[in-house]
Amino acid sequence: MATRLNRGLGAAALAGAGALAWSVIEAQLYTLREFTVPVLAPGSAPLRILHLSDLHLTPGQQRKIGWVRDLASLRPDLVVDTGDNWADLHAMPALLHALEPHLDTPGAFVWGSNDFFAPSPKNPARYLLRDARVQRDVPPAELPWRELGKHLTSAGWIDLDNRRDALDVAGHRISLVGTNDAHLDLDRFPGPEGDIRPAAHQDGPAAPARVTGDLPDLHLGVTHAPYRRVLNAMHADGADLILAGHTHGGQLALPGYGALVTNCDLDRGRAKGLHGWPGARPDAPHGADSTWLHVCGGLGTSPYAPVRFACRPEAALLTLTAAS
């Protein structure tokens, strides 16, 4: 009996070590996901959006930097960055090098919590809690996010933190609404004229508010953390498509089960990929009242937990087409 028990424990230890080794490897298997979103008016020309999120970049990640740069060869019409770009006080040159080929393309961005503060060591098991936010006695080191914002806006990218804007891309008029990071409770949903008003309650919609002037071809919502209150507000605002990140697709997943957590109040079934909100996808039965929602699983991890399991790091190319 003791021999069988020891063999079983040994096999379990080997399996655990193998899973850990693979999760370190998988965290560097960068993958492009491609989706078709039938959201435009009939007869509209396609519109291609590159969705980047959660790079958590550090200066030494040359392979990730090169991979992100190469995405410019996809020649998207619009780039949307949903935050958590870096994970090191000295990552600015590396991040700007990674994004440089994309800055000639129209773009928009919002901040995530990890854009503001450098990461610090903490128990990785906290990530599996319902609310993984850490209360610190000593404030973390602030990252130079204002300087990064100046670099991005000077290149023409639109800062959507708690504000509205609009732009013309590839023959399409696009209105945009965004929020700052809901994970840090910094989200304040902008009103019809761009003024700030409180986000919707977690389980209730906000009052409708659309941009004034000519009707756009597409109304796009952009946020970092897909908390229900933000998604509800954007749905009520008439967004045709919402883009978010933050979840890392769960970062740890089980085959046949999916993500273990989302690190917010979004359900696990929407941890990554293309979905509808609050119900089924708009092209599915009973989905007519839903908004398209894309949650990007992101490209990085915390430098203190550099693992992914059954959840490869990703960027996404969304091809928006005419709805049937």
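Leu 184 lies in the loop that links strand 7 (172–178) to strand 8 (218–222). Strands here are DSSP runs of E with at least two residues, helices are runs of H or I with at least four, and both are numbered from the N terminus. Leu 184 counts as partly exposed because its relative accessibility is 34%. Buried means under 20% relative accessible area, exposed means over 50%, and partly exposed falls in between (1.4 Å probe, protein chains only).

This is a predicted model: local features need pLDDT of at least 70, side-chain atom pairs count only at pLDDT 80 or more, and totals for chains, interfaces and linings use all residues. Residues are numbered from 1 along each chain as its sequence is written, and side-chain values use heavy atoms, with hydrogens and water left out.

Leu 184 also belongs to a nonpolar surface patch with Phe 117 and Leu 186. Together they have about 210 Å² of accessible area. Areas come from the Shrake-Rupley method with a 1.4 Å probe; for residues, only the protein chains shown count as cover. Patch residues have over 30% relative accessible area and no salt bridge; nonpolar side chains are joined within 5 Å, like charges within 9 Å. A salt bridge puts a side-chain nitrogen of Lys or Arg within 4 Å of a carboxyl oxygen of Asp or Glu.

Now the whole chain.

| Property of the protein chain | Value |
|---|---|
| Helices and strands | six helices, 14 strands |
| Buried share of the 324 residues | 49% |

Six strands form an open sheet in the order 6-7-8-9-13-12, with mixed pairing. Strand 6 (163–169) and strand 12 (273–277) are at the edges with a single partner strand each, so one side of each has no neighbour in the sheet. From one strand to the next, the twist averages 25°. Strands pair if DSSP finds at least two bridges between them. Strand 8 and strand 9 (residues 241–244) run parallel, joined by three bridges. Val 222 has Leu 243 of strand 9 as its bridge partner.

Helix 6 (residues 228–236) packs on this sheet, touching strands 7, 8, 9, 12 and 13 (291–295). Contact means heavy atoms within 4.5 Å. The helix direction makes about 70° with that of strand 12. Axes are lines fitted to C-alpha atoms, for helices over the stretch in contact, and angles run from 0 to 180 degrees between N-to-C directions. Seven of the nine residues of helix 6 are buried, among them Arg 229, Leu 231 and Met 234. Just after helix 6, Gly 238 takes a positive phi of about 90°.
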